[in-house]
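Hi there,

Here is the structure I promised to send over. Have a look at it first, and then read on for what turned up.

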Amino acid sequence: MENKPKKQASAEPPYKLLSLRTGKPKDWAAGIPGVTNAIKSLINDKALVRGGKALFKMNQFDGFDCPSCAWPDPDDERSPIAEYCENGAKALAEEATSKRITADFFKQNSVYDLSQLTDYEIGHLGRLSEPMYLPKDGTHYEPITWDNAFSKIAEHLNKLESPNNAAFYTSGRTSNEASFVYQLFVREFGTNNFPDCSNMCHETSGFALAQTTGIGKGTATLNDFYDTDIVIIIGQNPGTNSPRMLSALEKGKKNGAKIIAVNPLPEAGLMGFKDPQKVNGILGKGVQLADLYLPVKINGDLALLKAIEQLLLCFEKETPGKVFDQDFIKNKTVGYEELIKQIENYNLEELAKASGVSLEDIRKAAEMLAYKNRIIICWGMGLTQQPNGVDILKEVLNLLFLKGSIGKPGAGSCPVRGHSNVQGNRTMLINNHPSQEQLDKLEEVFGFNPPRENGYDVVDTIKAMNEGKIKVHFSMGGNFLSATPDTTYTANGLRQLNLSVSVSTKLNRTHLIHGKESIILPTISRSETDIINGELQHVSTENAMGIVEWSRGMLQPISDKLINETHIVCRMAKATLGNKSVVDWNRYMNSYDAVRDDIEKCIVGFENYNVRVKQKGGFYLPNGAREGSFKTKEFGDRVPFSITKLPQNTLADDEYLMATVRTHDQFNTTIYGLDDRYRGVYNERRVIFMNKKDIEKAGFKAGDKVDLFNYDNNTERIAPLFIIVEYPIPEKNTVTYFPETNVLVSIHNVVAGSNMPASKHVKIKIRKHNPKNLLKKNN
């Protein structure tokens with residue numbers, strides 16, 4: 001293509017519709033379609049041979065960790081056929097593709113032209129193969145040497161008025177080793193500005209759990225799922241977001257467990273499971289999962305939990321000591337009397353109405369729970385991304401504490417984390433609000449005084465970019481623009497930067513919405529070999545249940561111009577800090593063992609790291625709450641019952657609550673395909689799910705084209721050109737896909753306490769599509 005005058009790249013995918021097809025939603029997940037779709041992904045990404053070979057090593061004891069979700073691998077025995085799910089295979093196909101993006105590609109395609117592609121089209125262009133640089137006022141990325149890239153980054157960082165004028169983002173795919181050296185460099189540079197993907201998914205979980213159990217992680221293990229009485233899955237869709245969880249639920253069901261599913265949508269993965277490795281998953285009906293489905297309203301979860309607790313209290317009064325674990329309450333908790341007083345003061349019928357669940361079904365749930373105490377409660381972003389998400393999770397913990405269902409086998413809390421090492425990143429001190437004890441340890445081991453003030457999280461970083469306080473933004477993986485809220489506002493902030501830098505394996509929209517200068521640093525993927533001084537290296541990750549395990553790639557890197565993330569950080573540190581640094585960065589570059597030796601010195605639980613990480617299945621990190629030994633900041637060895645407040649969810653006649661979700665054909669912001677077969681939607685993403693009565697009342701019909709609006713803080717936000725899909729969802733509730741509707745999520749709509757975007761609770765208005773809104777957005 002010829003060079004064109006510079007135009008502003010599109011911050012959002014093009015507003016164009018495909019040919020939507022709809023069908024009956026599924027009432028089961030996985031099965032043979034999961035296998036065939038995984039194979040199709042390998043073929044479409046030209047990775048059938050390369051990726052197919054790697055599949056047999058993914059999540060194996062001697063293989064590499066899946067780059068997708070953080071669900072744990074079995075401790076003792078793993079399937080030799082397939083220890084992965086459909087989405088894991090799609091994630092591998094994306095990074096094992098033989099398609100490459102070269103310097104010649106960027107020469108032929110301007111940034112503006114690339115921005116006119118959809119996210120799906122951008123993601124399937126291929127792997128980045130060499131470092132690229134976009135100069136000021138440039139229209140095309142051009143090649144740059146690694147040394148020159150690091151020199152340019154160092155130049156920008158060193159001319160900042162303050163280290164706090166830079167922010168350093170981290171995605172959940174980054175290994176423990178890379179995360180540790182990354183935070184070490186940034187803190188020696190002088191800032192705690194660490195926005196990370198946890199700030200958008202489970203920051204709420206860590207915040208609530210730390211205050212109530214003393215540790216910001218869940219307590220249940222995979223083995224607990226195999227031998228429990230009841231699993232409650234609330235605000236979580238395992239069939240799409242963590243499909244391997246279905247195998248654990250199936251095993252628990254086989255051993256007698258009951259499952260209660262709580263969600264506004266009757267998701268396929270909550271209803272049933274067909275294991276393609278078993279005869280009944282191929283020829284039979286599979287396994288029914290949910291014994292009881294509770295169709296809660298968006299943000300009706302807190303009212304539902306309180307209603308269940310009130311009914312349990314009635315059972316406890318009838319049979320004292322049989323329903324509540326009075327020994328646990330007496331010896332391990334504080335605030336029981338205050339909680340009981342609050343529960344008694346609620347009106348049960350009003351709670352049921354606020355929840356959207358019938359009183360009859362709430363009674364069924366309470367009866368299932370009444371005389372059981374081996375209870376696991378799992379949750380996802382359906383809870384963490386509510387404005388009162390911290391309070392909802394504290395109520396979840398109230399229920400577990402009442403039942404004594406924590407710190408014992410077959411029971412506990414289980415936040416279902418998203419990206420594969422998002423929990424490990426935080427353990428490795430990727431944290432904008434580190435404890436003083438953590439910083440003291442870094443000072444003791446390395447000899448420099450790390451910054452002591454809290455830094456920016458994701459939301460604060462976006463605001464600071466718009467206010468001109470952040471001049472350099474460095475992304476260690478991820479797709480910052482598409483993952484974050486308030487797309488137009490975020491894009492405006494990114495465009496004000498002096499320099500934006502992205503460490504990536506694939507091209508994404510953040511590379512196209514950039515600072516005055518921009519650099520792309522391509523890195524090897526987790527499935528590729530990482531060889532240092534002739535020796536094959538391994539990294540490590542931490543899964544959602546606190547197990548640290550090694551990961552060693554097997555594929556030849558797609559290009560000989562790629563370097564690993566640890567080398568990227570160390571070379572950036574050397575270029576930026578020079579002789580001022582007290583850290584031996586060359587030592588880390590030459591040996592991941594050296595990195596792990598120093599992690600062991602700084603972080604509790606990593607004793608003998610280099611030996612234990614090579615053990616079959618890795619090792620568990622310490623978790624006192626899992627063992628029933630609590631250490632909370634305010635109450636010592638006791639856990640507090642929390643007094644939470646019901647939300648006032650009021651909507652105008654023409655307003656609806658919207659929650660953003662994934663399709664089954666995506667992982668986070670990566671779009672694998674254009675189908676959502678579990679919900680019966682094919683070849684389209686710009687859809688809005690609505691209740692039939694709402695559609696009729698508003699004068700619409702299924703298939704109508706509409707525009708969506710949000711007016712938080714007196715700012716009009718528009719997401720134009722969506723198609724209405726009728727779906728069994730509570731009235732006045734709607735669901736759309738992200739990132740297409742992130743533009744409607746106000747930067748000010750956040751979770752109290754954790755400051756996460758409240759993307760599951762967005763007030764919108766829906767109007768018939770007006771073509772003028774397309775012009776308005778494009779301008």
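What percentage of the 779 residues in the chain is buried? Please keep in mind that this is a predicted model. The answer is 65%, with buried meaning under 20% relative accessible area.

Now for the overall build. The chain holds 32 helices and 33 strands. Its radius of gyration is 25 Å, close to the 28 Å that the globule rule gives for 779 residues, so the chain is as compact as a globular protein of that length. Of the contacts between residues at least 6 apart in sequence, 79% join residues at least 24 apart.

As for charged side chains, 95 are positive and 93 are negative. The centres of these two sets lie 3 Å apart.

Look for Arg509 in the loop between β17 (499-504) and β18 (517-522). Its relative accessible area is 1%, which is under the 20% cut-off, so Arg509 counts as buried. A polar atom of the Arg509 side chain lies 3.1 Å from the backbone oxygen of Ser115.

Technical notes. Residues numbered from 1 in each chain as written. Predicted model: local features only at pLDDT ≥ 70, side-chain atom pairs only at ≥ 80, totals over all residues. Heavy atoms only, no water. Helix = DSSP H or I, 4+ residues; strand = E, 2+ residues; numbered from the N terminus. Rg over C-alpha atoms; globule rule 2.2 N^0.38 Å. Buried < 20%, exposed > 50% of the residue type's maximum accessible area, 1.4 Å probe, protein only. Contact = heavy atoms within 4.5 Å. Lys, Arg positive; Asp, Glu negative; His and termini not counted. Charge placed at Lys NZ, Arg CZ, Asp CG, Glu CD. Polar contact = N/O pair within 3.5 Å; in protein donor to acceptor, adjacent residues only side chain to side chain.
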